[in-house]
Amino acid sequence: MSSLKPVRGTRDILADDILRHRHVEETARAVASRYGYAEISTPIFEFTEVFARTLGDTSDIVTKEMYTFEDKGGDRITLRPEGTAGVARAFISEGLAQNLPLKFFYRGPMFRYERPQKGRLRQFHQIGVELLGVVRPLADVEVIALGAHILDALGLAGKVVCELNSLGDGESRDAYRARLVDYLKDHKDRLSADSRDRLERNPLRILDSKDETDREIVAGAPLMSDSLNDESRRFFDALLKGLETAGVPYRINPRLVRGLDYYCHTAFEFTTDALGAQGTVLAGGRYDGLIRQMGGPQTPGIGWAAGVERLAMLVEGAPKAARPLVVIPIGEEAEERAFAVTQGLRRAGFAVDLGFSGNLGKRMKRANALNARAAVILGGDEMARGAAAVRDMDSGEQAEVPLTVLEEHLGRFR
Ligand code: ATP
Ligand code: MG
């Protein structure tokens, strides 16, 4: 029955996978909090406007990927495809403009109607940061350094490179757009239908096309860097110098553009060749025009988002589940007592499993399957003496321990 399968592009996250996800998110949150980024949780759905207006009506997300529906009250609602628009909306609707600069960290599920494949899902998870209210390139340095720090803390420093480009300010982009359109017009016949459509409306997007012929054509296009005005160039130089001072290695990629309309100046991606086609793990840029475009006060911003699934695939040696103790009653008379002992140990801070039924053999098997550190066996003889048998599951050694000192004795197995 198809309705009992998860929807294509969604999945259940279990066992080791969920531990890896949590490790990624908790590491990111801990590092971000050292940089003063406070966690924010915005709603998983917003009015469609919030995304349609900010992401631009020619972006892949808005044209093809949004999960949009009308709710019972007749409102147009979209499941969030990314985090920045929601944070910007919250900034405006919560009236936070008096508190600048602001630094946010977020995590959570995102939704995009995409063709599912390795590292590309319809419900996936992102961690991300946003820094609002700073026009100086030092903000860009901090945000990129924070991304690098998190990747480093996850043990990925050697597996990723930071690719970097400048998109310049509005004037530089206009100048570049004109040169780009001139060039692309000469190849118009060979461009994909999507790209031909974008030639007038948003030619920069074509640089980001995944169509193969488009990519060939784009490979010969003029470079953004040749169109940067003095101010944009100074901004970029300051960023590069800042990254060098901060010890963040980078590689300039003059072809790097970001898929969304609202970026200016800095664009960056941390990429890996360990994941095949879906090699971008963390991506971001500066979006000085976004908040005003949404109807808020002119407020510069910079941020990034990273895919938790992609990071989790790269992480090695993520923490294993803590090894529990098991309590094993022998015979029905011991069961109630076993539950009381189990609860006492749980309250004392131990992780304890108590099976609900089964003989000694079956329960020992489960203890092994749980990778238990020790078993507390409550049999008739020991119980009559007010004691339990404690077995070290690694060495196999067993000792009789009075219940009065059980917690103390088990301390060695924590
Ligand atoms: P791509 O070019 O791979 O489609 P994108 O530009 O759409 O990426 P962003 O919007 O920048 O991606 O999202 C930031 C990060 O979120 C990506 O670098 C990636 O790690 C992750 N991500 C984006 N879309 C997906 C998805 N459908 N499934 C899993 N992870 C994703
Ligand atoms: Mg995409």
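Predicted model: local features only at pLDDT ≥ 70, side-chain atom pairs only at ≥ 80, totals over all residues.
Alanine 15 is exposed, with a relative accessible area of 58%, and this residue belongs to helix 1, which covers residues 15-34.

**Backbone geometry**

Most residues other than glycine have a negative phi, and most peptide bonds are trans. Against that background, alanine 15 has a positive phi of about 50 degrees although it is not a glycine. A positive phi, near 60 degrees, is also found at asparagine 371, again a residue other than glycine. Asparagine 371 sits in the loop that runs between helix 13 (360-369) and strand 14 (374-378), and its relative accessibility is 41%.

| Residue | Phi | Relative accessibility |
|---|---|---|
| Alanine 15 | about 50 degrees | 58% |

The peptide bond between leucine 100 and proline 101 is cis, with omega at about -5 degrees. Proline 101 is part of the loop that links helix 4 (84-93) to strand 5 (102-111).

**The second largest pocket**

The second largest pocket holds about 230 Å³ of space, and 15 residues form its lining, with Ala148, Ala157, Val248, Pro249 and Phe270 lying nearest the centre. Which element gives the largest share of this lining? That share, 5 residues, is supplied by helix 5, which spans residues 137-153, and strand 7 (161-166) likewise supplies at least two residues. Sorted by class, the lining of the second largest pocket comprises 12 nonpolar, 2 polar and 1 charged residues.

Proline 222 is located in the loop between helix 8 (212-219) and helix 9 (230-246). Is proline 222 buried or exposed? Proline 222 counts as buried, because its relative accessibility is 17% and the cut-off for that class is under 20%. When neighbours within four places in sequence are left aside, proline 222 is in contact with Tyr176, Arg179, Leu180, Tyr183 and Arg255. Glutamate 65, by contrast, is 157 residues from proline 222 along the chain, and the C-alpha atoms of these two residues are separated by 30 Å.

Technical notes: Residues numbered from 1 in each chain as written. Chains lettered and ligands numbered in written order. Heavy atoms only, no water. Helix = DSSP H or I, 4+ residues; strand = E, 2+ residues; numbered from the N terminus. Buried < 20%, exposed > 50% of the residue type's maximum accessible area, 1.4 Å probe, protein only. 1 Å grid on protein atoms, 1.4 Å probe; cavity = no way out; pocket = protein on both sides within 12 Å on 5 of 7 lines; lining within 4 Å. Points joined across faces, edges and corners; volume = space filled by probe spheres on them. Nonpolar A, V, L, I, M, F, W, Y, C, P; charged D, E, K, R; others polar. Contact = heavy atoms within 4.5 Å.
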